[in-house]
Amino acid sequence: MAEIPIAWFLTLSAVLFVLGVAGFLFRRNIITVFMSIELMLNAVNLSFVAFSYQLKQVDGNLFAFFVMVVAAAEAAVGLAIILTVFKNRSTLNIDEVETMKN
Amino acid sequence: MEFVTQHPVLVVSLIKIAIALFVVMTALAYLTWFERKVVARIQSRWGPYWVGPHGLLQPLADGVKFLFKEDIVPPMVDKVAYVLAPFLALAIALTTLALIPIGPATINVLGQPTQLVISHSNIALILLFAISSIGIYAVVLAGWSSNSKYPLMGGLRSSAQMISYELPLSLAIAAPLLLSNTLSLHDLVVTQEGGIWHWNVLRGPFPQIFSFVIFLIAAFAETNRVPFDLPEAENELVAGFHVEYSSMKFASFFMAEYCNMITVSSMATLLFLGGWTAPWPAAYGSRFVPVLIFALAGVVALYHGIETLRRRDRLTFPVFGVVFLAIAGVFLLPMVQEWLLPLFWFCAKTGALLFAFMWIRGTLPRFRYDQLMGFTWKFLFPVAMLNLLVTGLLVAWFS
Amino acid sequence: MQLWLIPLLPFAGFLVNGLAGRRFPKGAVNAVAIGSVLLSFAWVLKTLFTINLDAINQEHYFTWIQSGALTVGCDMAVDRLTAVMLLVVTGIGSLIHIYSIGYMAHEGGYYRFFSFLNLFMFFMLVLVLASNYLVMFVGWEGVGLCSYLLIGFYFDKKFATNAGNKAFIVNRIGDFGFSLAMFYMVRNFGSLDFGTVFKAAPGASEAVLTTIGLLLMLGACGKSAQLPLYVWLPDAMAGPTPVSALIHAATMVTAGVYMTARSWVIYTHAPLALNTIAIIGVATAFFAATIGLAQTDIKKVFAYSTVSQLGYMFLGVGSGAFSAGIFHLMTHAFFKALLFLGSGSVIHALAGEQDMRNMGGLRHKIPWTFWTMMCAAVAISGVPPTSGFFSKDSILVAANHHAPWMYWLGVVTAGMTAFYVFRAMFLTFFGEYRGHAHPHESPPLMTIPLAMLALLSLGGGYIAVPAFLGRFFPTVEAPEDFTLVAISVAFGLGGIALAYLMYIARPGMADSLAGGLKGLYSLVYNKYFVDEIYDAAVVKPVVGGSRVVLWKGMDVGFIDGMVNGVGALARRTGAVLRLLQSGNIRSYATWVLFGSVVVIVALELGGGAR
Amino acid sequence: MDVILFLVFAIIAVVCAINVVVQAHPISSAVSLVGVMGSLAVLYLLLGAEFLAAAQVIVYAGAVMVLFVFVIMLLNAGAESRKGHSLMVQVLAVPLLVTLLGLLAYIVQRIYRSDTTVHFGGFTHGTPQDVGRALFTGYLLPFEVTSILILIAILGAIVLARKEID
């Protein structure tokens, strides 16, 4: 049975991460930008799990777990912020949200 | 044939999937019939009657109708999501069934010992959860992609409702898990063997009656059943998220809902009601229960067949009576008892729960939306939390 | 022994009254404040009766500072010197507390007054009980704080707060000396513990001891209002009269004397420092007495009298007669507290009037006050056999032994003391009443403490303090010379007679004398313009210097210039960098990405990860 | 088998990720992101992280992304507007991204060239039991801190979302 080098997983992780960064840079919708962040976090999680496999230790899994939990918390607060921004400025375009005060 | 011998596991799995799909699809179809009958009886009606004996062919007719109706795709919808949604709904609903074991026996198929479950997993319960949590996307996507206000409202409501009710649901599940100490559905049942007092719903040190009730309530909400059918409230949102759907797509949503009902009923059975175990040991005669039931049913059918209220029943009742008696006979055969009896008990318990679904649909009115959300956050969630806490303390105390 | 109970009882009173007193009725405030002080007094008595004063009665509570070789513990100890001080502080403190109930009955901030008073008792007792210099310093600073708080008790009056500030600031100069002395001690003896320091002191070089002695003396001058730092004490009369009696006559101001006596081991090995103390003492005594001659405010008279008497104590201590100094400290506490309380009673009777020119003829209207004050006046004038006679004469005898000119100056001062005290008495109680108020005798709560203090003033001389302390201090071998005693008594009686002559027998004489010696009189009346001189010599230059050099030059010119320059620089840089600060998140993110890439590249070039 | 599994889901993940970036409508992006997460969950299973795979689906796909979709629907956000631009992004972004990807790939290849290979079942300590044990022994403090973090996040979200804007 053919086996996959661990490097493939890491490369996949890198690709996903860079795609996340690209999303962050090129998208203007705050929600999409936020989702790009989630994508980056996921990419990093994949690396953690791959390392966990490579080192045969459960710690990597736990790191990924904590990242997940923090991401959940972040999503709650982030989306609340987005709601507030939208209420205040009626726009979701981050290029239009350039100043701290209106 | 070469393929079969080379990949026996794959082939056996495919066979199991095929059988399960067939059985479940049929069951789904007849569940609609069953529901209509039950609700009709509650409302002093007869229900479907004309297509086939006692309307038994009604589901078939419905299916044919759905298949051949024009498949309308409204012009302003988001096509991909619109098509994806019903597909997703049904696919996910059916996928969950793959994890549900229906009996303890291991049978040989093509020389391959296999269990009565499509996919056996040690973390089946979590996976079940994971898969079913995806199901919400079907509703949301359907609501959003229809590009219409009622579906959107339905989608919004249902996403909020399903996220909210998932909390008490998972908390309610966690409590019996503390008693059984496993995540495998199969082992879960094994720990409950030995009669009704070993079922999690009644088992010491802390009977999980509260969890069971909470689970059922949350399950009603998760499957969007009355009295929590806000997302599809017929008289407010027309039909909620699937207003704009027709023909087979609509049927998919419909089937997915019934499939979910089956899933949660089986989950409740496995988690709380001892799965396929008999209420009391076979040594005390529990193995004759199905025989007795079916025999009784057969006798009753035959008795009614002698003098029927309506003419057409004069033929059908005796036929049913004979069939029931035959089934009773089958249950007496020792070689099939080993796997047929657990199957009977499993189906009986699940069926009872499904009946409860319909029963409640026939009796309770719908909640208001704020009541719905308030109920889970202010009552169900704290109670489930408290229950989990007490269970955990007692388990730690007695172990 | 439980020595900690002695200071902590008043502290508990302070906490209760300070935190909750606002809601208490006056009775409860009284009960807490006076009860705690009386209990403390009782505990002092019990302690003194049960312990052997010649043994080392030290108690260690906890290690306060542990730094390298230096260890400072929170220690307390009782010896003979402490015993005298404890009795004076708690005894007179109790009487004045009781007196305060009557005096403060109609004042605002009642609970505040008593909580401060209790706090003062706490710190004073810590000061007295301390067994090392640092704990003593805690008490020292604490009483300073309470003095400040109580001088400024009527904080809605500008002069009161100013007086408080003045006392605080002038005291800081003294404390500066005290601190330096402590640093020097740590450096030379490696400890601040009395026992350790005094054991090591005889072996140290005289220069070191003289330095320490002079620095400690600076502290003592500040606290005990000696020349040239006495200026705060007369102003401190802005506080309520019981405060003047307790803090600024009987206890706190004598802390300097106590500290000097406590450090007698150092001083006996530093004759230069001791001599300086004697000179400062006698100079202060004389100088303050001359000012006292011409004051018209009754409390000011007694304030300068206090300064003068403190000078006596310094003279005693400086002459090497430590026990005489402490003896005078005690008797002075009796009669000066009595004088202040009596004047308080007068002021109370006249509804706040303090100017003696508006008094007169009060001896029939407030007889209790008159007779008790008369006892104190007799005592302070050194008329035998009152307490003042014994203590003052033992100082004068020692001074004669030390340096005869000091004796003569002291004797002249004694004459002046008798004169100005009786001048005050005559102006207040004799002749015709010149004011407009309706004098009335004070309540018993005030007169009973007065009476008790009067008894002590008269008979206090028979308390054998010198003999009691004789086993503690080295005794000065001064020959008992009856002539010297007779001379000083004669001067005292002469002063009284002169006062009688000028204010009773020939009432016009005082004014004509003042007219005749106009320049001298106005010089004395205006306290030699010391405050004005200080203002011109110290305060104005400091303020002006601060204003011109520090403010205009340093602050505005240099620092502001620098800050503004930095600001301008930042602004100009910012103008350029603002192009980066677009507010556009995506462009920021690009910069972050850029930075990450740079870091990764740098890591790779620097040898790579792993 | 494993290779096929990996390739299939890796490709799904990458395609979905590209979709996240290029789709105009946030809902499409969100659904694509769910796809990425689902395929990652399968890859986790392959790597032996059973519990994490399930948690990935439950937490990310089932909760976080539903929240996203919910907000998108709530705000009724349409396709994004093209207003505004950043010179920085236009000029620097693409070269930087390419460099970053190249660097990461290069480093990964350099360090992990001949290292472990992955096959299903090669690591069996990612079960709920193992994770739970590690979580409640060695990582107890972080775990508890996380719970507090979530509590704070909930409060923050409520405060932010409740605030009446005038």
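# Close-up views of a predicted four-chain model**Figure 1. The fold of chain D.** In chain D, 65% of the contacts with a separation of 6 or more are between residues 24 or more positions apart; a contact here means heavy atoms within 4.5 Å. What you see is a predicted model, in which local features need pLDDT of at least 70, side-chain atom pairs count only at pLDDT 80 or more, and totals for chains, interfaces and linings use all residues. Residues are numbered from 1 along each chain as its sequence is written, chains are lettered from A and ligands numbered from 1 in the order in which they are written, and side-chain values use heavy atoms, with hydrogens and water left out. Chain D has six helices and one strand, and from the N terminus on its elements follow the order α-α-α-α-β-α-α. Helices (H or I, at least four residues) and strands (E, at least two) are DSSP runs, numbered from the N terminus. Of the 166 residues of chain D, 45% count as buried, where buried means under 20% relative accessible area, exposed over 50%, and partly exposed in between (1.4 Å probe, protein chains only).

**Figure 1. Where chain A meets chain D.** Here 75 residues of chain A are in contact with 84 residues of chain D. The two chains bury about 7300 Å² between them, and carbon and sulfur atoms give 77% of that area. Buried area is the accessible area (1.4 Å probe) that two parts lose on being put together, summed over both. On the chain A side, A:Met35, A:Tyr53 and A:Met68 lose the most area to chain D, together 10% of what that side buries.

**Figure 2. Polar pairs and elements at the interface of chain A and chain D.** Between these chains there are zero salt bridges, a salt bridge being a side-chain nitrogen of Lys or Arg within 4 Å of a carboxyl oxygen of Asp or Glu. Seven residue pairs are in polar contact across the interface, both residues at pLDDT 80 or more. A polar contact is a pair of N or O atoms within 3.5 Å; within protein, one must be able to donate a hydrogen and the other to accept it, and residues adjacent in sequence count only if both atoms are side-chain atoms. The elements of chain A that give two or more residues to the side touching chain D are β1 (4-5), α1 (6-26), α2 (30-55) and α3 (59-89). The largest share of that side, 26 residues, comes from α3(A). By class, the side of chain A that touches chain D has 53 nonpolar, 13 polar and nine charged residues. In this sorting, Ala, Val, Leu, Ile, Met, Phe, Trp, Tyr, Cys and Pro count as nonpolar, Asp, Glu, Lys and Arg as charged, and the others, Gly among them, as polar.

**Figure 3. The largest nonpolar core.** A nonpolar core is a set of buried Ala, Val, Leu, Ile, Met, Phe, Trp, Tyr and Cys residues joined through side-chain atoms within 4.5 Å. The largest one holds 183 residues, and those touching the most other members are A:Phe9, A:Leu25, A:Ile31, B:Tyr137, B:Phe215, D:Met65 and D:Phe68. Helix α3 (residues 50-75) of chain D gives the largest share of this core, 17 residues. Which residues surround A:Leu25, leaving aside its neighbours within four places in sequence? They are C:Arg586, C:Ala589, C:Thr590, C:Leu593, D:Val89, D:Ala93 and D:Leu97. A second, separate core of 182 residues includes C:Ala167, C:Leu233, C:Ala289 and C:Phe370.

**Figure 4. A salt bridge in chain B.** Over all chains, the count comes to nine salt bridges. B:Glu35 counts as buried at 1% relative accessibility, while B:Arg361 counts as partly exposed at 35%.

**Figure 5. Salt bridges in chain C.** C:Asp79 and C:Arg262 form a salt bridge, their closest N and O atoms being 2.7 Å apart. C:Asp79 lies in the loop between β2 (70-78) and α3 (80-103) of chain C and C:Arg262 in helix α11 (residues 255-262) of chain C, so the pair ties together parts that are 183 residues apart in sequence. C:Asp79 is buried at 16% relative accessibility, and C:Arg262 is buried at 5%. The side chains of C:Glu141 and C:Arg172 also meet in a salt bridge (2.8 Å, N to O). Salt bridges that share partners join C:Glu141, C:Arg172 and C:Asp175 into one network.
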